[in-house]
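Colleague: Could you take me through this structure? I would like to begin with the aromatic rings and then move on to the fold and the backbone.

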Amino acid sequence: MAARRTIRLDDGLRRYNQRVAGLGFRNGHLLIHRAMHEPFWTLPGGTAEVGEDSRATLIREMEEELGLTVTIGRLLFIVENFFEFEGRQWHETGWYYLMDIPDRFAFAPDRIVHETADGKNHLEFKWAPATRASLQALPLPPVFLADRIEALPDAPEHIVWHDGAL
């Protein structure tokens with residue numbers, strides 16, 4: 001098996017990353033996850049690989065992290081996100097899709113429903129209320145998502161966002 005080649009570039013203090021994430025909903029809640037060593041939550045997903053389209057990235061990441069196949073819905077946002085994390089300036093292009101998660105995946109509001117290892121990261125997943133107030137309280141970058149969660153776009157939107165330090 002050939003080594004994976006993620007779409008990520010580093011030049012020391014700066015990093016470019018191409019990320020794909022999914023918004024999965026159930027019973028008025030949004031599935032979120034975090035690496036346990038990080039102080040913030042994110043939408044499930046991961047870094048795209050060379051030669052892999054964005055939908056295939058999200059399907060692969062969810063199979064790796066959740067152990068099941070999700071159905072990818074419509075593209076919601078294409079985000080150029082700029083932020084500082086772990087001493088680096090990041091420039092991330094993000095593809096954000098709706099996704100359907102099979103009903104057999106656990107649902108329990110506001111508690112950890114799944115844990116897994118992803119490389120060196122230990123990930124935990126939970127369902128959070130899909131409301132502006134709930135997502136603002138987490139934190140959940142990119143932070144514009146909290147303002148948009150109650151009125152998702154009907155057509156894809158391009159957003160340039162500066163999150164600052166995470």
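**Aromatic pairs and overall fold**

Modeller: A search of the whole structure, which is a predicted model, gives 7 aromatic pairs. One of them joins Phe-77 and Phe-144 in an edge-to-face arrangement, with 5.2 Å centre to centre and 85° between the planes.

Colleague: Why does that pair tie together parts that are apart in sequence?

Modeller: Phe-77 belongs to strand β5 (residues 71-85) and Phe-144 to helix α3 (residues 144-148), so the pair connects parts that are 67 residues apart in sequence.

Colleague: Is Phe-77 buried or exposed? And what about Phe-144, buried or exposed?

Modeller: Phe-77 is buried, at a relative accessible area of 0%. Phe-144 counts as buried too, with 4% relative accessibility.

Colleague: Which residues do ring pairs link into a cluster?

Modeller: The cluster consists of Phe-40, Phe-83, Phe-85 and Trp-90, linked by ring pairs.

Colleague: Turning to the fold, how many helices and strands does the protein chain have?

Modeller: The protein chain has 3 helices and 9 strands. Read from the N terminus, the order of the elements is β-β-β-β-α-β-β-β-β-α-α-β. The radius of gyration is 15 Å, close to the 15 Å that the globule rule gives for 166 residues, so the protein chain is as compact as a globular protein of that length.

Colleague: What box do the C-alpha atoms fill, and what share of the residues count as buried?

Modeller: Along the principal axes, the C-alpha atoms fill a box of roughly 45 × 40 × 35 Å. Of the 166 residues, 49% count as buried. The accessible surface of the protein chain is about 8,400 Å², and 52% of that belongs to carbon and sulfur atoms.

Colleague: Among contacts between residues at least 6 apart in sequence, what share join residues at least 24 apart?

Modeller: That share is 62% in the protein chain.

Colleague: And the charges: how many are positive and how many negative?

Modeller: There are 18 positive and 25 negative charges, and their mean positions are 1 Å apart.

Colleague: Let us look at Lys-126. Where does Lys-126 lie, and is the residue buried or exposed?

Modeller: Lys-126 lies in strand β8 (residues 121-129). The residue is buried, with a relative accessible area of 14%.

Colleague: Which residues is Lys-126 in contact with, leaving aside neighbours within four places in sequence?

Modeller: The contacts of Lys-126 are Leu-30, Leu-31, Ile-32, Trp-41, Arg-111, Ile-112, Val-113 and Leu-138.

Colleague: What about Gln-18: where does Gln-18 lie, and which residues does Gln-18 touch?

Modeller: Gln-18 is part of strand β2 (residues 14-26) and is buried at a relative accessible area of 17%. Not counting residues up to four places away in sequence, Gln-18 touches Ile-7, Gly-46, Thr-47, Ala-48, Thr-93 and Trp-95.

Colleague: And where is Glu-38 found?

Modeller: Glu-38 sits in the loop between β3 (29-35) and β4 (45-47), where the residue is buried with a relative accessible area of 15%. Glu-38 and Trp-90 are 52 residues apart along the chain, and their C-alpha atoms are separated by 16 Å.

**Backbone details**

Colleague: Now the backbone. What is the peptide bond from Leu-138 to Pro-139, cis or trans?

Modeller: The bond from Leu-138 to Pro-139 is cis, with omega near 0°, and Pro-139 is in the loop between α2 (132-136) and α3. A cis peptide bond also joins Pro-141 and Pro-142, with omega of about -10°. Pro-142 is likewise placed in the loop between α2 and α3.

Colleague: Is Glu-86 buried or exposed, and what is the relative accessible area of Asp-110?

Modeller: Glu-86 is exposed, with a relative accessible area of 57%. Asp-110 is partly exposed, at 48%.

Note on methods: Residues numbered from 1 in each chain as written. Predicted model: local features only at pLDDT ≥ 70, side-chain atom pairs only at ≥ 80, totals over all residues. Heavy atoms only, no water. Phe/Tyr/Trp six-rings, centres within 6.5 Å; stacked < 30°, edge-to-face > 60°. Helix = DSSP H or I, 4+ residues; strand = E, 2+ residues; numbered from the N terminus. Buried < 20%, exposed > 50% of the residue type's maximum accessible area, 1.4 Å probe, protein only. Rg over C-alpha atoms; globule rule 2.2 N^0.38 Å. Contact = heavy atoms within 4.5 Å. Areas by Shrake-Rupley, 256 points an atom, 1.4 Å probe, with all protein chains shown as cover. Lys, Arg positive; Asp, Glu negative; His and termini not counted. Charge placed at Lys NZ, Arg CZ, Asp CG, Glu CD.
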